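This report goes through selected local and overall features of one protein model. Please keep the sequence and the 3D view open while reading.

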Amino acid sequence: MSLAPTSRLRRKPLIALDPDHKRIIWLLRTMGAVPRITIAHQLGMHNGALTRLARELLMLEVIEEQGQLSDGQRGRPSVPLALSGRGGYAAGATVHPGWLEIALVDFAGQVIAHDATAFDSADPHDFVHAVDQRLRSLTSRTGLMRARFLGLGVAVPGPVVETGPARRHAVDWLRGWRDIDNDQFFEDYFGFPVWVENDATLAALAEYYDSGLIRDCASALLLYVGHGVGGGVIHRRDVMRGEFGNAGDIGRLFRMDAPRPSGIDLLATLRDAGAGIPSLFELEACLHTHAGIINAWAERAGNQLGVAANTGVAWLDPGAVILSGSLPRQVLEVLGQHLQQPARWSSALDSLRLPQVHVSRLGGSAVSVGAALLPIHQLGADAIA
């Protein structure tokens, strides 16, 4: 894979799909494997047109035929079509305090590889160079072809600011990122399509896919507890960015000079209790030695997150609320228990339908996986825009 700097490119995928191709892909992504007759009915297509389109997609290897289904009737069994992982792959990259994380995801949405390496720089030039090197290594190791590469997603912890839609107020430890035009900077360097998005928004996309909610409901809210606290919104099975690109930025609800439901706040709480813990990455060691402190923090933080979630549910009426983040799974489970308390969703009408509450299985990798999913997701989601 050649990742040398080149002139600026637009975000055009390296696979040629027309609008009807994308409609079929999007239906299979949201419904799973289905027979041709179902696709034709759902999309209002004539059988002849669908046969031609399906043949083209099969040749591109973005869909595949699965085992035959029999409905008990006489005649030829139906052959479901499904997305194929061979259709292409995309990469996602994000940086944490102390390490760089990259994920590779295939066209069907399955994780191919996950990579984490030591990295400690606030300079975006160092970031793109490190991503370049790691992508070369990963693609070589997995035998992936450059011709099948669909793009890179980059996750940035910070909101879009008034100076322009491509400018983000990155967190303090990435202060060097605040002065770059995100779209131009990354595409100028890599020379292939790059999408840049808020980290919690990308975690929402990953969790929406991983939990199977993309097939069950059209909307979801995500609460993300990492070093900070953020959120994401899925609306009509797509990422909601909002008028100014900051939908789901729930961190602004919690004052910086007061207790917050964030990983940094938990770290400070443990240190105040005498725990010699240098960073959140050593939090596992405190789960038993400081269980009471962690549980008390989780109760308070769960109540804070619950207010944010309940407000979002009242405004948007989502099908699901997802709790995700880079905290250990045990801590997320305790926070999730507080979110699932019946009193949390109190209403004057007992018959109101309420969202499902899910606790992440992806944990801290949700951000890089979501970043990798974004170029692939957009190939189908463009069809419903």
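In which helix is His377 found? His377 belongs to helix H12, residues 366-381.

## Basis of the report

The model is predicted, with local features needing pLDDT of at least 70 and side-chain atom pairs counting only at pLDDT 80 or more, whereas totals for chains, interfaces and linings use all residues. Residues are numbered from 1 along each chain as its sequence is written, and side-chain values use heavy atoms, with hydrogens and water left out.

Helices (H or I, at least four residues) and strands (E, at least two) are DSSP runs, numbered from the N terminus.

## His377

His377 has a relative accessible area of 0% and is therefore buried. Buried means under 20% relative accessible area, exposed means over 50%, and partly exposed lies in between (1.4 Å probe, protein chains only). Not counting residues up to four places away in sequence, His377 touches Trp26, Leu205, Tyr209, Arg237, Asp238 and Val239; contact means heavy atoms within 4.5 Å.

## Nonpolar cores

A nonpolar core is a set of buried Ala, Val, Leu, Ile, Met, Phe, Trp, Tyr and Cys residues joined through side-chain atoms within 4.5 Å. The largest one has 56 residues, and Ile24, Leu28, Ile39, Ile63 and Phe107 have the most contacts inside it. H12 supplies the largest share of this core, 10 residues. A second, separate core has 33 residues, including Ile250, Leu267, Cys286 and Val313.

With neighbours within four places in sequence left aside, Ile39 contacts Ile24, Leu27, Leu28, Val34, Leu50 and Leu81.

## The five-stranded sheet

Five strands make an open sheet with mixed pairing, in the order S12-S11-S10-S13-S14. Two strands pair if DSSP finds at least two bridges between them. Strand S12 (238-239) and strand S14 (356-359) are the edge strands, each pairing on one side only. Strands S10 (residues 220-225) and S11 (residues 229-235) run antiparallel and are joined by six bridges. Val225 has Val229 in S11 as its bridge partner.

Helix H6 (residues 199-210) lies across S10, S11, S12 and S13, at about 50° to S11. H10 lies across S10, S11 and S13, at about 160° to S10. Axes are lines fitted to C-alpha atoms, for helices over the stretch in contact, and angles run from 0 to 180 degrees between N-to-C directions.

## Positive phi in loops

Glu61 is not a glycine, yet has a positive phi of about 65°. Glu61 sits in the loop between helix H3 (47-60) and strand S1 (63-65), and counts as partly exposed because its relative accessibility is 28%.

Asp317 also has a positive phi, near 50°. Its loop lies between helix H10 (291-316) and strand S13 (320-325). Asp317 counts as exposed because its relative accessibility is 55%.
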